[in-house]
Amino acid sequence: MALSFIKKVFTFGKPAEEPVPDAVERELEPRSRDEDLPIVDDPVLPQEMDTAGGPAADVGEGGAEESDLPDEALPLPPADQMSDFGLVPLSLLEAEAEAETPATAESEVEETLSVPSGHLPHQRVDRSQADAPVSIEETVEVTEALSEEIPAEMDVKQDISIQPISPPLGELPGRAEDGISSEPAAEQPKPESPILPKGFATGPAIIEPQPIAPQPKLSWFQRLRNGLARTSSQLTNQITALFTKRKLDDETLQDLEDLLIQADLGVETALRVTDTLASERYGKDVTGEDVSRIMASEIAKVLKPVAKPLQLDLSHKPHVILVVGVNGTGKTTTIGKLAAKLSGAGLKVMLAAGDTFRAAAIEQLKIWAERTNSEFVGTKLGADAAGLAYDAFEQAKAKKCDVLIVDTAGRLQNKAELMAELEKIVRVLGRLDPDAPHTVLQTLDATTGQNALSQVEIFRNVAGVNGLIMTKLDGTARGGILVAISAKHKLPVYFIGVGEAVDDLEPFEAEDFARAIAGLPQ
Ligand SMILES: Nc1nc2c(ncn2[C@@H]2O[C@H](COP(=O)(O)OP(=O)(O)OP(=O)(O)O)[C@@H](O)[C@H]2O)c(=O)[nH]1
């Protein structure tokens, strides 16, 4: 019965004149359970729930699930009229409660509601935890239960006071003294994955490395053709455009000569090509293929006499090769490549670091010596290069080396002082052997144009260059200049460089080179 519940848990005691906080009053305004009840921070504790469960069931039995509370607050009847309303004074309730309730520890937390005289009780109170806040849900439940027993004219909500029932934080079950829960935290709902725009995805990225197909190594001729592609394609395109639907006449011959000169082939070679073309096809239709074929043939004729092997006189011990050239033309790299070939053939090779201007050049040559199993002679940075060359020659003799290759610092041909130093190196080497240096090799960078002509001119005069190596023919070469140099100086061209690797040095082949420039297959 609701009344026995009320007897058990409610007492009257507060003075009638005690004001009720506005906030509480607002909270007690009738509303359905599912309406927007205020959220209570501290939830009802388990023991509170248990205690509240009984009366709530009683209320349910009475059919008061829905709140029937009147809108206006009802005053309590006087104490002597309470029984008319089914209420019992505090003294009677306490006496009854003491008689009915066993004196257990649990009775200490027995819930009661303290209701001031003249006011309706609405709240269960834990006497031992007088400072804890009250649950609103409980408030509503109890109020609903009471509403059954209270006449409609009574204002229930007006004078109700709330007393806290929850224990202090430190005594809450599942909470440690420091206020942090020792029980596993309630599982938080997982945030939903955001809906990403098209083209995005969530989750760890899985990038499977794709195997890189090994690049097939091109033949040296393919690399040469690639390197000379700029020259050859430019030439052939212009030639094709020049001879489309035109008969060979003086004007087209003049235009062709200009094109060949612009391609660095030189006046001499250009005239050879136009003369041959005129003798074969003058007044006739000419195709681009006709011109390319004749061009390749004439270039080959210029180059064949200079395409010679590097002669080594091994009666000298050592055969001395001095390597000269402008800065960065590939001297040190070419020395390494040559050493690899020679020591690979079983010759005893010594490398001398005559580039005393650049620390990196000394180190670079030392590495090449190690890689090629060659002897190495070096000195400190800034030392006299001629003195180093002399020492190296002596050591090579003493060690019975077959070949001594002397590196030199790169220098511009127009720097007289540096060219004089080069002259001194040649002179000093000649003191130990009047024929030394036996070979003076000049490296030419194939990406250089007309300037290479003057480089050869001056180095030849100062250092006695007697052989050439053209490097970097694998890049964006302008190889036509080698034809012009060959036509003018007729110096042997021993090798061409077609890459930076140790085996990227190929003997110079006139026919191949000529066809590559003309854009023809091998
Ligand atoms: N692609 C390509 N690069 C080359 C070739 N020969 C040399 N090189 C590169 O050209 C650069 C200069 O080469 P070096 O051998 O240091 O030239 P160097 O003439 O000794 O340079 P200096 O001592 O400064 O005068 C280096 O990066 C070489 O790897 C070649 O045939 N092809």
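**Close-up views of a predicted model**

**View 1. Helices α10 and α17 cross in a right-handed way.** The contact is made by S292, M295, A296, I299, A300 and L303 of α10, together with A510, E511, F513, A514, R515, I517 and A518 of α17. Being in contact just says that two C-beta atoms, placed from the backbone, lie within 7 Å. Two packed helices are described by the angle between their axes and the distance between the axes. For α10 (residues 288-303) and α17 (residues 510-518), that's an angle of about 145° with the axes 8 Å apart. The axes are lines fitted to C-alpha atoms over the stretch in contact, and angles run from 0 to 180 degrees between N-to-C directions. Helices (H or I, at least four residues) and strands (E, at least two) are DSSP runs, numbered from the N terminus.

A quick note on the model: residues are numbered from 1 along each chain as its sequence is written. This is a predicted model, where local features need pLDDT of at least 70, side-chain atom pairs count only at pLDDT 80 or more, and totals for chains, interfaces and linings use all residues.

**View 2. Helix α12 has a buried side and an exposed face.** Look for A361, I362, L365, W368 and A369, which are buried (20 or more other C-beta atoms within 10 Å of their own; 12 or fewer is exposed, in between is partly exposed, with C-beta atoms placed from the backbone). They cover an arc of only 125° around the axis, which puts them on the same side of α12; the arc is that of the directions from the helix axis to the C-beta atoms. Their cover includes α11 (331-344), β5 (349-352) and β6 (375-377). On the face turned away sit the exposed residues A359, A360, E363 and E370. After α12 comes N373, with a positive phi near 55°.

**View 3. E500 sits in the loop between β10 (493-497) and β11 (505-507).** E500 counts as partly exposed because it has 13 C-beta neighbours inside 10 Å.

View 4. Of its 522 residues, 41% count as buried. Among contacts between residues at least 6 apart in sequence, 79% join residues at least 24 apart.

Definitions and conventions
A crossing is left-handed if the near helix is turned anticlockwise from the far one by less than a right angle, and right-handed if clockwise.
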